[in-house]
Amino acid sequence: MASDARPWFIPQSNLTARLSDQERRTFLKVCPAKTFSKDDTLFHEGDSAEELHVIAEGRVKLVRLTPDGRERILAILGPDDIVGEAFLHDEAYYRADAVALGKVVTCPMSRAQFKQLNLQSPGFTLAFAETLADGLFRCRDQLAGSYAPIKVRVAEVLLDQARRFGGRVDGDPDWTDLETELRHEEIASLVSATRVSVSTAVAELRHHGLLTGTRGRYRLHMPALEAFTVEDRDAEDDLIEP
């Protein structure tokens, strides 16, 4: 079932951090962990959304197939992310394939399990509501950020991936190695730009010494790149002030 709608997920939800030890034990008892191997599919686009997944370990890619059969990555998710429309609506369906990029552990939760948690652990219900609210605030911030220059939006995508999935370079903590499945085409979709403009932005960031590498293998100077996003946003704000 092809759809233009974006898949539903909450990155870095902090859900488990909001729970007490007892609430966490209850959650794991009601929603026991499930393990997936590399290339296993958590769910398929168009299937009825019977569960959402709280990712505990590993990385998951959300993908759709293009009309010509190519895979288009919509997002890369990791620990503490929540994905899946489950129980939010009786007729909800998954809007992308979710595929494990390696060993993945999730805690799937169905509508029935959510109702059970409501009865056994009211604190979980409150924590989950707070998580959904934070997700809405994050969406609002992302919408506001869509007016930032393309270079800033591209830099922020790479920074987010590096913070979550990158590895520090030995002997130089300012640099982080990032190997990502996101190609320029997928980054373009994430930042609402064209592939050519994303390639140009990456080339400019490289020219300024903020990163090296290409084609999904990058080395990022984190402090300089973070400073660049702040300074460039501030400059943009100065330009639009009345």
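Predicted model: local features only at pLDDT ≥ 70, side-chain atom pairs only at ≥ 80, totals over all residues.
Residues are numbered from 1 along each chain as its sequence is written, and side-chain values use heavy atoms, with hydrogens and water left out.

**Exercise 1. The overall content**

State how many helices and strands the protein has, and what share of its residues is buried.

Solution. Step one: the protein has eight helices and 13 strands. Helices (H or I, at least four residues) and strands (E, at least two) are DSSP runs, numbered from the N terminus. Step two: of the 242 residues, 44% count as buried. Buried means under 20% relative accessible area, exposed over 50%, and partly exposed in between, with a 1.4 Å probe and protein chains only. Step three: consider the contacts with a separation of 6 or more; residues 24 or more positions apart account for 74% of them. Contact means heavy atoms within 4.5 Å.

**Exercise 2. The sheet that contains β10**

Determine the strand order of this sheet and identify its edge strands.

Solution. Step one: the sheet is open, and its four strands follow the order β10-β11-β13-β12 with antiparallel pairing. Two strands pair if DSSP finds at least two bridges between them. Step two: β10 (167-169) and β12 (211-214) each have a single partner strand, so one side of each is left without a neighbour in the sheet. From one strand to the next, the twist averages 25°. Step three: β11 (residues 172-179) is joined to β13 (residues 217-221) by five bridges in the antiparallel sense. Within this pair, D177 faces R219 in β13, and L178 stands opposite Y218. Step four: β12 and β13 run antiparallel and are joined by four bridges, with T212 opposite R219 in β13. These two strands form a hairpin with two residues between them, and R215 in the turn has a positive phi of about 50°.

**Exercise 3. Helices α5 and α7**

Describe how α7 lies on the sheet and how α5 packs against α7.

Solution. Step one: α7 (residues 195-207) lies across β12 and β13, at about 135° to β12. Axes are lines fitted to C-alpha atoms, for helices over the stretch in contact, and angles run from 0 to 180 degrees between N-to-C directions. Step two: check the length of α5 (residues 150-165). At 1.5 Å a residue, its 16 residues should span 22 Å, and its end C-alpha atoms are 22 Å apart, which agrees. The expected span is 1.5 Å times one less than the number of residues. Step three: the axes of α5 and α7 are 9 Å apart and the packing angle is about 80°; the two helices are therefore roughly perpendicular. Angles under 35 degrees count as roughly parallel, over 145 as roughly antiparallel, 65 to 115 as roughly perpendicular and the rest as oblique. Step four: on the α5 side the contact involves I150, K151, V154 and A155, which meet S197, V198, A201, V202, E204 and L205 in α7. The buried residues of α5 include V154 and A155.

**Exercise 4. Helices α2 and α3**

Classify the relative direction of α2 and α3, and name the residues that make the contact.

Solution. Step one: the axes of α2 (residues 21-30) and α3 (residues 111-120) come within 10 Å and cross at roughly 150°. Step two: that makes α2 roughly antiparallel to α3. Step three: T26, F27 and V30 of α2 make the contact with Q113, Q116, L117 and Q120 of α3.

**Exercise 5. Two loop residues**

Locate K103 and P79, and state whether each is buried, partly exposed or exposed.

Solution. Step one: K103 belongs to the loop between β8 (97-100) and β9 (104-110). With a relative accessible area of 52%, K103 is exposed. Step two: P79 belongs to the loop between β6 (71-77) and β7 (82-83). Its relative accessible area is 42%, so P79 is partly exposed. Step three: list the contacts, not counting residues up to four places away in sequence. K103 touches T35, F36, K38, E57 and G58, while P79 is in contact with I55, A56, E57, G58 and R164. Step four: K103 and E57 are 46 residues apart in sequence, yet their C-alpha atoms are 7.6 Å apart.
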